[in-house]
Amino acid sequence: LGDQLVRAGLLKGLRYTDCSDYEGNCILHTMSTIRDGVRCSASTAYLKPVSTKRPNLHIITDAEVSRVIIENGRAKGVEYTYEGKTSQISATREVVVAAGAVGSPKILMLSGVGPKNHLESLGIKVLSDLPVGDNLQDHTRVTMFYEVSKDTATNVGTFADRYAQEQYLGTQTGPYSYSGIEALAWVRVGERNRRSSLSQKLFGTFQNVEPPNVQYHIASVVGVQQYIAAISTTGTRPKSIGTIRLNSSNPRGDPLIDVNYYGDKRDWQVTLEGLKFSHELFQTKPLKTVGAKLVKSLHPRCSKVSDFTDYLNCIIKYYTLTMYHPVGTVKMGSKSQGGVVNRKLKVHGVNGLRVIDASIAPTLISMNTNAMAIMIGEKGADIIKADNGINTEIKMPICNRRRRFSLG
Ligand SMILES: Cc1cc2nc3c(=O)[nH]c(=O)nc-3n(C[C@H](O)[C@H](O)[C@H](O)COP(=O)(O)OP(=O)(O)OC[C@H]3O[C@@H](n4cnc5c(N)ncnc54)[C@H](O)[C@@H]3O)c2cc1C
């Protein structure tokens with residue numbers, strides 16, 4: 001499937017590159033954090049190698065932090081619950097919060113760092129009035145499905161296949177060893193793309209080229225009894241901004257997440273244009289050769305809508321999902337710009353407190369956020385070491401990337 005999509009992309013004018021430049025309009029076989037056929041998480045790459053070797057590293061799993069203890073404007077430690085018991089740990093130097101774009105704003109607000117009116121409405125004493133939980137940004141996805149010929153897509157049968165299981169157990173290769181996403185593409189869709197292409201043709205320059213506004217994930221659908229290819233459309237830089245707020249002052253309560261998807265109507269338009277382009281990809285010869293045919297029945301609420309644009313608007317309305325890429329809720333920036341942490345990732349107005357995770361990103365990046373979160377962790381560690389007079393040369397853990405596909 002990935003190969004057919006790459007061929008289709010080339011026919012539609014996309015480049016087959018690693019897509020790491022600004023220009024976009026490219027397609028590639030998916031890169032993943034997989035080492036020797038096994039997912040290589042941040043924990044595997046960074047924590048496991050040192051967890052038993054460092055006497056000053058103590059990890060408590062399944063503990064839930066309820067708040068940072070802040071006294072006289074300084075973070076003194078954290079309060080946490082473990083096996084039903086609430087305890088405190090004090091910090092000799094500083095506290096680093098890294099609970100993600102949902103967890104970090106929750107902990108800060110429970111600690112008295114957040115929007116004054118909101119905290120006061122819950123009876124939480126305000127220690128630093130900051131726009132914590134504002135600026136929530138997330139990628140959405142809307143997926144279209146196409147039936148393709150047997151063996152083009154990986155289907156549930158393949159995963160039940162004994163050979164596939166033995167292949168994986170023996171050599172860590174085959175269907176079990178890949179991320180599930182066969183190809184990725186970044187494209188500039190809509191009016192501005194046409195203008196950029198014109199300037200490129202006239203002046204031979206990419207100076208005026210806008211970055212890609214749509215990302216595609218192309219995968220097989222596992223778990224249905226057909227051979228189905230799925231292409232998900234994601235607006236890369238959504239303009240809609242949501243919020244995270246506390247539901248109550250009880251740390252056990254889940255926060256209120258208002259994603260506000262399509263709050264800015266331009267995001268809907270980009271998704272619509274993106275879906276149209278994804279359909280064009282499936283009308284090309286490489287996909288037609290493998291029998292690609294739109295399957296509306298996997299969108300039961302829209303399957304009877306006959307006009308194509310109406311159908312696309314219907315699936316945007318009823319089948320938009322998250323890409324799980326929340327960022328921005330503890331935004332880095334000056335106080336006057338609505339920042340919560342400064343460029344050293346220190347919380348404004350509180351000493352000895354940093355936040356180092358995806359929540360500090362002021363805006364979404366145009367791709368999946370895991371590599372960005374790892375980069376923020378690397379940079380944050382670097383900043384802390386520099387602040388403590390330690391050499392900041394970084395030795396990156398390497399997750400080898402073995403190419404498993406070629407265009408043949
Ligand atoms: C289902 C899913 C699929 C994804 N797939 C991809 C993908 O394919 N590619 C990609 O690039 N990105 C993907 N992402 C996004 C990526 O995982 C995130 O961007 C990245 O993990 C963010 O890192 P983080 O350190 O900011 O937060 P997290 O990785 O969320 O880490 C925060 C940690 O803090 C813990 N925590 C939270 N609150 C507390 C508390 N009160 N006390 C103690 N611990 C707490 C959480 O349990 C978690 O372990 C996916 C995300 C999800 C949810």
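Accessible areas come from the Shrake-Rupley method with a 1.4 Å probe.

**Entry 1. The chain as a whole**

I began with the surface of this predicted model. The accessible surface of the protein chain is about 21500 Å², and carbon and sulfur atoms hold 52% of that area. I then looked up the secondary structure and found 11 helices and 19 strands in the protein chain. Of its 408 residues, 43% are buried. For contacts with a separation of 6 or more, I noted that 65% join residues 24 or more positions apart.

**Entry 2. The ligand**

I next asked how many residues surround the ligand. There are 15, and the closest are V65, A358, N368, T369 and N370. By class, I recorded eight nonpolar, five polar and two charged residues in this shell. I also looked up which elements supply at least two residues each to the shell; these are strand 5 (64-71), helix 3 (100-110) and helix 11 (370-387).

I then examined individual atom pairs. A nitrogen atom of the ligand is 2.8 Å from a backbone N or O atom of V65. For T369, I found a side-chain N or O atom 2.6 Å from an oxygen atom of the ligand. For N370, a polar backbone atom lies 2.8 Å from an oxygen atom of the ligand. On its own the ligand has 1000 Å² of accessible area, and the protein covers 51% of this.

**Entry 3. The disulfides**

I searched for disulfides and found two. Counting bonded cysteines along the chain, I noted the pattern 1-2, 3-4.

The link of C19 and C26 is right-handed, with 140° about the S-S bond. I found both C19 and C26 to be buried.

The other entry concerns C302 and C314, joined with an S to S distance of 2.1 Å. The link of C302 and C314 is left-handed, with -80° about the S-S bond. I located C302 in the loop between strand 17 (293-294) and helix 10 (308-319), and C314 in helix 10; the two cysteines are 12 residues apart.

Are C302 and C314 buried or exposed? Buried means under 20% relative accessible area. C302 has a relative accessible area of 0% and is therefore buried. C314 is also buried, because its relative accessible area is 11%. I looked up C40 as well; its relative accessible area is 5%, so C40 is buried.

How values were computed. Residues numbered from 1 in each chain as written. Predicted model: local features only at pLDDT ≥ 70, side-chain atom pairs only at ≥ 80, totals over all residues. Heavy atoms only, no water. Helix = DSSP H or I, 4+ residues; strand = E, 2+ residues; numbered from the N terminus. Buried < 20%, exposed > 50% of the residue type's maximum accessible area, 1.4 Å probe, protein only. Contact = heavy atoms within 4.5 Å. Near = heavy atom within 4 Å. Polar contact = N/O pair within 3.5 Å; in protein donor to acceptor, adjacent residues only side chain to side chain. Nonpolar A, V, L, I, M, F, W, Y, C, P; charged D, E, K, R; others polar. Disulfide = S-S within 2.5 Å.
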